[in-house]
Amino acid sequence: MADLTALQSSRGLKNDTAGPSATTTKNLPSEHAPAKGKTQPKYTHVAAVHPRQRTSCLSHDSEQSPSFLGFRNLMVIVLVVMNLRLVVENFMKYGVLICIRCHDYRRIDILLSTVLYALVPCHLFVAYIIELGAAQHAKGALGRLKRSDYHPNDDLFQESRSFQATWSTIAWAHGINATFCLLVTTYVVYYHIHHPMIGSICQVHAIIVLLKNCSYAFTNRDLRHAYLNPSSATTLPEIYSQCPYPRNVTISNLAYFWWAPTLVYQPVYPRSPSIRWLFVAKRLAECFALSMFIWLASAQYAAPVLRNSLDKIKTLDVASIIERLMKLSTISLIIWLAGFFAIFQSALNALAELMRFGDREFYTDWWNSPSVGNYWRTWNKPVYHFMRRHIYSPLVGRGYSNGFASTMVFVFSGLLHELLVGIPTHNILGVAFIGMMVQLPMMYLTAPLEKMQGINGRVIGNCIFWISFCLVGQPLAALMYFFAWQAKYGSVSRLEKG
């Protein structure tokens, strides 16, 4: 009896021991749990939790790259909280600064800007008249070449000389027309339009018409040459066969180019099948909302920072100027990004939909730019296409080096930027021009990083781009031109007079 009791006691002890082990096995992670249908291991405390070599997920030699979605969410939350703190601080310090009637615009500004907006497109009509005369001359020349008494050597030589002489006359006419368009607007804005924003809108319109005039003249010149020399090596794009020269020289064709969201002239563009009016309404609503946001952010946040920087710039307090630049960089970047989306995503897409313009690649992913050069090639496609087609490629085709052609592109772009910023603010400082020229060494500095194998070079190049873009570029230019404006018209000039 005693032996039987001892045996039962030993079995009970074994069951008690197995109980916790089974419970522990159930609570273990899935990788340590026994396979379904198999006997549970007896010794769970000796499970191999380090079965092989493994690396930390943030190490360079990690087999799989981890997702940084959580860090991205954290950065967004931190940015929102930091900017909300600045919003609260701004209202506590300044109150509400938004005032519609406080803008220093004059009736003459509105009147002159309206007149300029109506007159500037007339230069496109003048370009049409010039090209219409050139097309008539080309038809006559082609008719003479097709006569029965045509002598290949003599007549072709004479027509070639006539074409060159005619092109020289046409080129001078186009040049005078385009230059007159920009000079008149520049003169009126600089001397008679006081408000910088109104002046900037006038300058932008004049520059757009100038570039469209140039593209219209250059493209029709090559089309005319191909028309007179059908056997030449020049091959035209197949899409141009839908409207061959000189059938493209019409008012309707030019009017479409005037409104099309491009700076490069083509006789034919890819077209969408119909207009989606709901799409247009959404894009216009986005543009209006972002425009209101830009106005509110500029009046409530950017303007106080700029005004508080005037005395620091006047006394050349370098440390305070750097602090103001860093403070201004955040709001200027937000305003710039909102403006970029409002123009290139909302306004241009709405215009393209109304015009049924098919090619809507107005930008690509410039925010991932691994170099400064990549940024300039991707953020503003309409301007990039114009510069490459009408300045860079012709210079390279004539035997100039790529470096010289790129320099000419940035010289031309720098002049346009100075006209766009310096004329409306009535201060030709050269800061915008110098800022564009500084891009050249930055491009050569970051170009090798773009070509490096691996991701490190591209990451470093992208960081250099963002630092130069956020801290050195826009905030510094905004401070300089704002100080010059205030020195000429605002508080700084009143302090000096007092």
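**Asn 380**

I began with the side chain of Asn 380, which reaches the backbone nitrogen of Val 383 at 3.4 Å. I count a polar contact as a pair of N or O atoms within 3.5 Å; within protein, one must be able to donate a hydrogen and the other to accept it, and residues adjacent in sequence count only if both atoms are side-chain atoms. This is a predicted model, where local features need pLDDT of at least 70 and side-chain atom pairs count only at pLDDT 80 or more, while totals for chains, interfaces and linings use all residues. Residues are numbered from 1 along each chain as its sequence is written, and side-chain values use heavy atoms, with hydrogens and water left out.

Where does Asn 380 lie? I found Asn 380 in the loop between α11 (372-378) and α12 (381-397); helices here are DSSP runs of H or I, at least four residues, numbered from the N terminus. Asn 380 is buried at a relative accessible area of 13% (buried means under 20%, exposed over 50%, partly exposed in between, with a 1.4 Å probe and protein chains only). Beyond neighbours within four places in sequence, Asn 380 is in contact (heavy atoms within 4.5 Å) with Phe 344 and Phe 362.

**Ala 297**

Next I looked up Ala 297, in helix α8 (residues 277-308). Ala 297 counts as buried, at 4% relative accessibility. Setting aside neighbours within four places in sequence, I see Ala 297 in contact with Ala 302, Ile 331 and Ile 335.

**Nonpolar cores**

I then turned to the cores, each a set of buried Ala, Val, Leu, Ile, Met, Phe, Trp, Tyr and Cys residues joined through side-chain atoms within 4.5 Å. The largest has 36 residues, and those touching the most other members include Tyr 216, Trp 336 and Phe 357. Among the helices supplying at least two residues each are α6 (196-228) and α10 (318-355), but α4 gives the most, with seven. A second, separate core of 16 residues includes Leu 182 and Val 264.

I also checked Phe 357: leaving aside neighbours within four places in sequence, its contacts include Tyr 256, Pro 261 and Ala 352.

**Second largest pocket**

Last, I noted that 26 residues line the second largest pocket, with Phe 68, Arg 72, Met 75, Leu 79 and Val 459 nearest its centre. A pocket is an open set of points on a 1 Å grid over the protein atoms alone, where a 1.4 Å probe fits, with protein on both sides within 12 Å along at least five of seven lines; lining residues have an atom within 4 Å of a point. Helices α2 (69-94), α10 and α15 each give two or more residues to this lining.
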